[in-house]
Amino acid sequence: MFSLAFLLGGCEREQRQFKLPAPESASPAPERTRHEENAHSVAQGKLWFRWFNCVGCHSLGGGGMGPALMDENWRYGREPQSIYETIMNGRPNGMPSFRGRITEDQAWQLVAYVRSMSGLIAQDVAPGRHDGLSAVPPENLRDKR
Amino acid sequence: MRVQNMFSVAGPQAERIAELWWITFAICLVVFAAVLVATGLALWKGRKGTGSGHGAHLAVASAVGVSTVLLLFLIVASVATDRALAQIDASDALKIEVVGNRWWWDIRYQDPDPSRRFTTANEIAIPVGRAVELTLRANDVIHSFWVPALHGKKDLIPGRTATLTLRADKPGTYRGQCAEFCGVQHAKMALFVYALPAQEYEAWAEQQRRPAPPPADGPQQLGHDLFVKGTCAMCHAIQGTPANGRRAPDLTHFASRKTIGAGTVPNDPQQLAVWISDPHAVKPGVNMPAHAFLKREELAALVAYLGSLK
């Protein structure tokens, strides 16, 4: 009985909307909910994080040349809009601007993934596994910081 | 677009596999017919109530004997075929690395001289009559390389390297397909093998080794600039330009390829425009993002530039 309830709960977790409907207003709120509530979007964000070499500076979240992303410290705020602007406009001392290099959808997917690294999005949406070896637990097992 | 058919063989290995298939089929057909006849006889005898225990023992014993002999024969035939498949002279083999990705094939021609290596996608040209050694790897999930006219299946497993040596003896185009379910677009992960006479192959390879031609006119120049400075270059490479992404198919000689999206649609300007602006309408789930935000003339310029990459 319980397992059936769990199964039903997982039904829409990873519903894949390959063609996302246009947001109804210009505010970023719909973007945030669209991507942060969909496991596929967050998983795509995790893919872009490697593909576009975020790992080059931020490593797999622990930081290196760039600041760590899996802790509770945020230089420019942890709100989705701030992270989006960090990615698109860049920040002083090294963070490059990705505007024009990635699409807005890809940027919002990255935002959702970056927030999942410190447990800021729902556990049932955050990625549950790594593609390679990793020294840290997967994003869905991290405590909110 | 040719269909796949493992019975229209084009190489020595596919020929042996087809032979084994026919042997197995013939034996199974005879056994199936014999079982049907025996069942019919038993039913007919049983109806009259004349069956005796002694006859049944004999029938079971002979059936077990015949089955054992036939199964042993099939094992021997299978092992013999396996051995024959491995015995191919690969001393002067052409070496190609094939990397499976969701959902396309990265094709990297190897050469001891690095300047002679080149990369293409989803289409493999090979010389007729010369062995080809394929090194198979996977980037994300398990795929399987299967060109039925040339050889059997071989899995591509992430973190492992497999090799498959094959030879085409007849010139022609042979379709292949990913044969291990790898996600939502597994069915649209095709590849094409072009078996060409040796000289034609050399000419093709020489052409592929060249960097992309420079843009010839205004729209092509605009397309080139958009490609290099925009989102395209984040994943795609065009040799001879600063675009050097390694996550998506190499587009250096894109216009010489016959399909878009690993055999999904024919490579023509209309399909290309649709693919760039909304790839998920054609192949839902691909990692290529939609570019609906491009202006009309920008899209036309990109299509013109990519169309010039012969």
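The axes of helix α5 (residues 269-277) of chain B and helix α7 (residues 296-307) of chain B come within 10 Å and cross at roughly 125°. Axes here are lines fitted to C-alpha atoms, for helices over the stretch in contact, with angles from 0 to 180 degrees between N-to-C directions; helices are DSSP runs (H or I, at least four residues) numbered from the N terminus.

This is a predicted model, where local features need pLDDT of at least 70, side-chain atom pairs count only at pLDDT 80 or more, and totals for chains, interfaces and linings use all residues. Residues are numbered from 1 along each chain as its sequence is written, while chains are lettered from A and ligands numbered from 1 in the order in which they are written.

**Exercise 1.** Classify the packing of α5(B) and α7(B), then list the residues in contact.

*Solution.* 
- Step 1: Angles under 35 degrees count as roughly parallel, over 145 as roughly antiparallel, 65 to 115 as roughly perpendicular and the rest as oblique.
- Step 2: α5(B) and α7(B) are therefore oblique to each other.
- Step 3: From α5(B) come P269(B), L272(B), A273(B), I276(B) and S277(B), which meet L299(B), L302(B), V303(B), L306(B) and G307(B) of α7(B); contact requires C-beta atoms, placed from the backbone, within 7 Å.
- Step 4: By class, this contact of α5(B) with α7(B) has eight nonpolar, two polar and no charged residues. Ala, Val, Leu, Ile, Met, Phe, Trp, Tyr, Cys and Pro count as nonpolar, Asp, Glu, Lys and Arg as charged, and the others, Gly among them, as polar.

**Exercise 2.** Now describe how α5(A) and α6(A) pack.

*Solution.* 
- Step 1: Helix α5 (residues 80-89) of chain A and helix α6 (residues 104-117) of chain A have axes 9 Å apart, at an angle of about 120°.
- Step 2: This pair, α5(A) and α6(A), is therefore oblique too.
- Step 3: On α5(A), P80(A), I83(A), Y84(A), I87(A) and M88(A) touch A107(A), W108(A), L110(A), V111(A), V114(A) and R115(A) of α6(A).
- Step 4: Sorted by class, the contact of α5(A) with α6(A) holds 10 nonpolar, no polar and one charged residues.

Methods: Helix = DSSP H or I, 4+ residues; strand = E, 2+ residues; numbered from the N terminus. Contact = placed C-beta atoms within 7 Å.
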